[in-house]
Amino acid sequence: MIDVYHCPKCSRLLKCEGVVSIGGYELPVFSCEDCIVRKAVFGPGTEEFDLAYTFCVDAAGRCFDPVDHLFEPDEGEDEDDDFGPDVSLN
C-alpha cells in the first residue's frame with residue numbers, strides 16, 4: 001500500500017491518514033490541510049462547509065475523491081466508460 005503521496009492540488013508530500021474500503025479493496029486516504037474545498041456534506045442543496053482536500057489513491061497511482069459521485073443516482077455501468085479507479089490492481 002502507498003504510504004506517501006503528493007497532493008494533486010499543491011504537490012505537498014502527504015502521509016497516509018488511513019484507509020477506505022471500496023468493493024472489498026482497502027485504499028489509502030490522504031488529506032491536505034493546505035488545500036481547502038467547500039462541500040455539501042449532507043447531500044446536494046444542503047449547507048456547504050470548508051474541508052481539507054481529501055482523496056484516495058488506487059493501485060495504479062491515480063487519485064480520486066471517493067465521495068464525488070456519492071449522491072448521483074446509480075444508472076448502471078456504461079460499457080464505453082473506462083474512466084475511474086481500478087481497485088482490482090491492489
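A charge sits over a ring if NZ of Lys or CZ of Arg is within 6 Å of the ring centre and within 35 degrees of the ring normal. K9 meets this for Y53, lying over the ring face at 4.8 Å from the centre. The model is predicted: local features need pLDDT of at least 70, side-chain atom pairs count only at pLDDT 80 or more, and totals for chains, interfaces and linings use all residues. Residues are numbered from 1 along each chain as its sequence is written, and side-chain values use heavy atoms, with hydrogens and water left out.

Rings of Phe, Tyr and Trp (its six-membered ring) pair if their centres lie within 6.5 Å; planes under 30 degrees apart count as stacked, over 60 as edge-to-face and the rest as tilted. Five aromatic pairs are found in the whole structure. In one of them, the ring centres of Y5 and F30 are 5.9 Å apart and the planes are at 40°, so this pair is tilted. Ring pairs join Y5, F30, Y53 and F55 into a cluster.

Y5 and F30 are both buried (under 20% relative accessible area; exposed is over 50%, partly exposed in between; 1.4 Å probe, protein chains only).

| Residue | Relative accessible area |
|---|---|
| Y5 | 14% |
| F30 | 0% |

C7 has contacts (heavy atoms within 4.5 Å) with residues including R12, L14 and C32, leaving aside residues up to four places away in sequence.
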